[in-house]
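The points are grouped by topic.

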2 protein chains.
Amino acid sequence: MSSGNPETRARILDAAWHLLEAADGREVRMGDIAKRAGVSRQAVYLHFPKRAELLIATTRHIDRAKGVDARLAASRNAGSGVERLDAFVEAWGNYIPEIHGVGRALMAMREHDPDAKTAWDDRMQAVRQGCEAAIRALAADGDLTDAFSPAEATDLLWTMLSVRAWEALRTDCGWSQRAYVDGMKAAARRLLVARDGRSG
Amino acid sequence: MSSGNPETRARILDAAWHLLEAADGREVRMGDIAKRAGVSRQAVYLHFPKRAELLIATTRHIDRAKGVDARLAASRNAGSGVERLDAFVEAWGNYIPEIHGVGRALMAMREHDPDAKTAWDDRMQAVRQGCEAAIRALAADGDLTDAFSPAEATDLLWTMLSVRAWEALRTDCGWSQRAYVDGMKAAARRLLVARDGRSG
DNA sequence: TTGCCGCTTGACACAGTGTAAACTCCACCC
DNA sequence: GGGTGGAGTTTACACTGTGTCAAGCGGCAA
């Protein structure tokens, strides 16, 4: 795929990952990543010609290290549609903080870098598929509200579970991660489940 | 407040406004604004020393031109809490597209410019107050769900009505503005209103 | 020994923001 | 008429960060 020693490549990806994770608002430059990886700035460009490529590769690196696929797959094994919705909200909701650092950087590039935009949009499309599947399971059980069409319900769930919404609730509103996951579960049920035995 | 001819200042603000409104993803540079205003780039800096200041002034300029205050005030006169919630969602939801151009630019600067961050956060705090007031009215009528505390309900409503969520639904999901407003009204009621006579 | 691979060093182009200084134009005021 | 100051213009430049280019260097393998 790309030139250079795979070990160096991995060191760069690790450096990018951890810097972005720790960067609380601060910019992470190519030079910072190089320094942290113990490599020259040009070496970084040898492995990743564009900043966007490095960021994209970093998300994949994290996915591999954290095993997203396995985690999201778990939500597919839930019994009922409602349980599946809960499981999906929990799985994805708890994955957001893991990729948030890179996500931030990638979202910021989205505006002026078409590659970054495509890469991030692709990832979000994958999340959307998860939402769609959860809604389908709900509908199959006859538990989907008739207030929204399945497509609308998918859109709403996907928007609710966006990284931006997570940022707003966690950072601006000061919710804990636990509160976020529980709150989103409750909100998703209220919003999308038909007969939920809700009283008020 | 600032030096220079108020007319020139207004021309610059108008230029910024219309360029940002029309800029669909494209960057709007200080030079672009100057050119459109029929003025030198340096003249822009004479009126607005920093890009962030220009953007902030532009939002205020739009507010004045579009009369937000009046529009939002209308939602305060609604009879019941539920009506007030509807009115607020409608008023703010229909205002988002008006400021979206500048909003985008300001949100993009938020990351590395503290002034831009403060300015945008202040604006969003104002929206939050509106959410809070709507929730309070709902609670006063005894119509607020007991699934969430008033604070949580405010946070959820505020997040739902964020510019990012609007972008997601309108741009990524292809909702029309009408569909957005109606969808948000329905979602807000489902999520927050206790006895809404909902069937499914 | 030769040759390549992986990396380093150092220089540079480019864009966009922001600063600085000198100069023009005009209106106003004595 | 002559002086003054405000508003804007022109030109030039510093700075930051991305991305490119070219030369060089150490180690390893044929």
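Copies are superposed by least squares on the C-alpha atoms of residues with pLDDT of at least 70 in both. In this predicted model, chain A is brought onto chain B by a rotation of 180° with 0.0 Å of shift along the axis, at an RMSD of 0.0 Å. The two copies are therefore related as by a two-fold rotation axis.

**Symmetry and contact surface**

- Both copies use the same surface, since 100% of the contact residues of chain A recur in chain B.
- Among the residues of chain A, Leu191(A) comes closest to the rotation axis, its C-alpha lying at 2.8 Å.

**Annotated regions of chain A**

- An unreviewed UniProt entry lists residues 6-66 of chain A as "domain: HTH tetR-type".
- Residues 6-66 of chain A are 79% helix and 0% strand, with 19 Å between the end C-alpha atoms.
- The unreviewed UniProt entry also lists a "DNA-binding region" at residues 29-48 of chain A.
- Residues 29-48 of chain A are 75% helix and 0% strand, and their end C-alpha atoms lie 13 Å apart.

**Cavities**

- The count of cavities of 30 Å³ or more comes to 2.
- The largest cavity has a volume of about 180 Å³, and 16 residues line it.
- Nearest the centre of the largest cavity lie Leu156(A), Thr159(A), Met160(A), Thr159(B) and Met160(B).
- In both chain A and chain B, α8 (150-160), α9 (163-172) and α10 (177-192) are the elements that give two or more residues to the lining of the largest cavity.
- By class, the lining of the largest cavity comprises 14 nonpolar and 2 polar residues, with no charged residues.
- The second largest cavity has a volume of about 40 Å³, and its lining consists of Leu72(B), Ser75(B), Arg76(B), Arg84(B), Phe88(B), Gly130(B) and Ala133(B).
- Within chain B, α6 and α7 (114-140) each supply at least two residues of the lining of the second largest cavity.
- The lining of the second largest cavity divides into 3 nonpolar, 2 polar and 2 charged residues.

**Second largest pocket**

- The second largest pocket holds about 650 Å³ of space.
- Of the 32 residues lining the second largest pocket, those closest to its centre are Ala108(A), His112(A), Ala108(B), Glu111(B) and His112(B).
- The elements that give two or more residues to the lining of the second largest pocket are α6 (81-110) of chain A and α6 (81-110) of chain B.
- The lining of the second largest pocket has 14 nonpolar, 6 polar and 12 charged residues.

Notes: Residues numbered from 1 in each chain as written. Chains lettered and ligands numbered in written order. Predicted model: local features only at pLDDT ≥ 70, side-chain atom pairs only at ≥ 80, totals over all residues. Heavy atoms only, no water. 1 Å grid on protein atoms, 1.4 Å probe; cavity = no way out; pocket = protein on both sides within 12 Å on 5 of 7 lines; lining within 4 Å. Points joined across faces, edges and corners; volume = space filled by probe spheres on them. Helix = DSSP H or I, 4+ residues; strand = E, 2+ residues; numbered from the N terminus. Nonpolar A, V, L, I, M, F, W, Y, C, P; charged D, E, K, R; others polar. UniProt positions renumbered as here; feature names shortened; annotations may be inferred. Contact = heavy atoms within 4.5 Å.
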